[in-house]
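Biologist: Hey, can you walk me through this one? I'm new to reading structures.

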Amino acid sequence: MTAAAEKTNLLGMPKDKLEAFFDSLGEKRFRATQILQWMHQRGVDDFDQMTNVSKALREKLKQVAEIRGPEVVYDETSKDGTRKWVMRMDNGNSVETVLIPDGERGTLCVSSQIGCTLDCTFCSTGKRGFNRNLTAAEIIGQVWVARKAFMPFEPGPDRPITNVVMMGMGEPLMNFDNVVDAMNLMMEDLAYGISKRRVTLSTSGVVPGIDRLAEVTDVSLAISLHAPNDELRNQLVPLNKKYPIAELLAATRRYFSRLPDKRKATIEYTVIEGMNDKPEHARELAELLRDLPCKINLIPFNPFPESDFRRPSMNATRRFQAVLNEAGYIATIRTTRGDDIDAACGQLVGQVEDRTRRSQRYINVQQVNP
């Protein structure tokens, strides 16, 4: 193992862990505050540039620590302004991160795994299989890299990243501890200072993870539902066979009942032609969610090569929306962004050395049924 590999990467440490790190060096805990600000508020990764840190400590840190974000191997901006980065991680695999500008708001879609442990049928990421969980440094490193792309790197009201959604590659609740550490840094005033209302974790329905999440944080929560009944959801989201809809919605209600404010759940519903896009599906969905304060985000399916699903017509999607609106729900249709650079919802794939052999099975099926 090289000396560099033995160094501790400070980038993914929230304040409490960074304070413990300085304790272990026999240093004062306030050093954590200084280093957090240098890393996350000024984008500095060179200890020599940290002018309010003593030279002796800087030399010590160079021996035992590093500040290292992911390597950017692709950086492209869509014709609609959406920007996508492909970032290479330590083992040569890569993930994708997307920034969606919308007026004064900039939403960064962050990945939590290399590939995905789940295999939702409408998602391109799942077809690539799974390699490993990202570390906290690799998760927050995506925010760090995206923020460094906009200079000057200073805190303030004109930040290019106002919202973060854990909706990139992977199921966040299957990488619980690292995701929580990274989200704590997103909300940390000494780091990015993003409001808990503007940091959103999206889950496909890991029920124990939702209950555990309620014990450690109060970020916003989005539920990838995609179907109004178990029979249909079993086809689209195989995890539903383990945690059916009734259990998922009960956990969601428990989560929001513990929040100190009156936030609503976000229900994500990918609309697929001929599968879940009929008015009767919308009526069933309205009845299903009647006891859950929520807003509904309708996402027209974004095609990819491994799927036979089709994008619904806009008329069909609007009819679906109208049924929900008439039932009293706030239901919006997500505008497809970045599809010319494969940055749209469900299209993120990265480069995954698949340990599950799932990707090869899909390739075999395509070869048999071209």
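This is a predicted model: local features need pLDDT of at least 70, side-chain atom pairs count only at pLDDT 80 or more; totals for chains, interfaces and linings use all residues.

Biologist: Okay, how many helices and strands does the protein chain have?
Modeller: The protein chain has twelve helices and 14 strands. Of its 370 residues, 54% are buried.

Biologist: In what order do the strands of the ten-stranded sheet run?
Modeller: The order is S3-S4-S5-S6-S9-S10-S11-S12-S13-S14, in an open sheet with mixed pairing. S3 (71-77) and S14 (330-333) are at the edges with a single partner strand each, so one side of each has no neighbour in the sheet. On average, neighbouring strands are turned by 20° against each other, direction ignored.

Biologist: And S12 with S13, parallel or antiparallel?
Modeller: Parallel, over seven bridges. In that pair, Thr270 sits opposite Ile299 of S13.

Biologist: Which strands does helix H9 touch?
Modeller: H9 (residues 245-257) packs on the sheet and touches S11 (220-224) and S12. The direction of H9 makes about 170° with that of S11.

Biologist: New topic: which residues of H4 are buried?
Modeller: Leu57, Arg58 and Leu61 are the buried ones in H4, which covers residues 55-64. Looking down the axis of H4, they fall within an arc of 100°, so they line one face of the helix.

Biologist: What covers them?
Modeller: The cover includes helix H2 (15-24), helix H3 (31-41) and strand S2 (65-66).

Biologist: And what's on the face turned away from the buried side?
Modeller: There H4 carries Lys55, Ala56 and Gln63, which are exposed.

Key:
Residues are numbered from 1 along each chain as its sequence is written. Side-chain values use heavy atoms; hydrogens and water are left out. Buried means under 20% relative accessible area, exposed over 50%, partly exposed in between (1.4 Å probe, protein chains only). Helices (H or I, at least four residues) and strands (E, at least two) are DSSP runs, numbered from the N terminus. The arc is that of the directions from the helix axis to the C-beta atoms. Contact means heavy atoms within 4.5 Å. Two strands pair if DSSP finds at least two bridges between them. Axes are lines fitted to C-alpha atoms, for helices over the stretch in contact, and angles run from 0 to 180 degrees between N-to-C directions.
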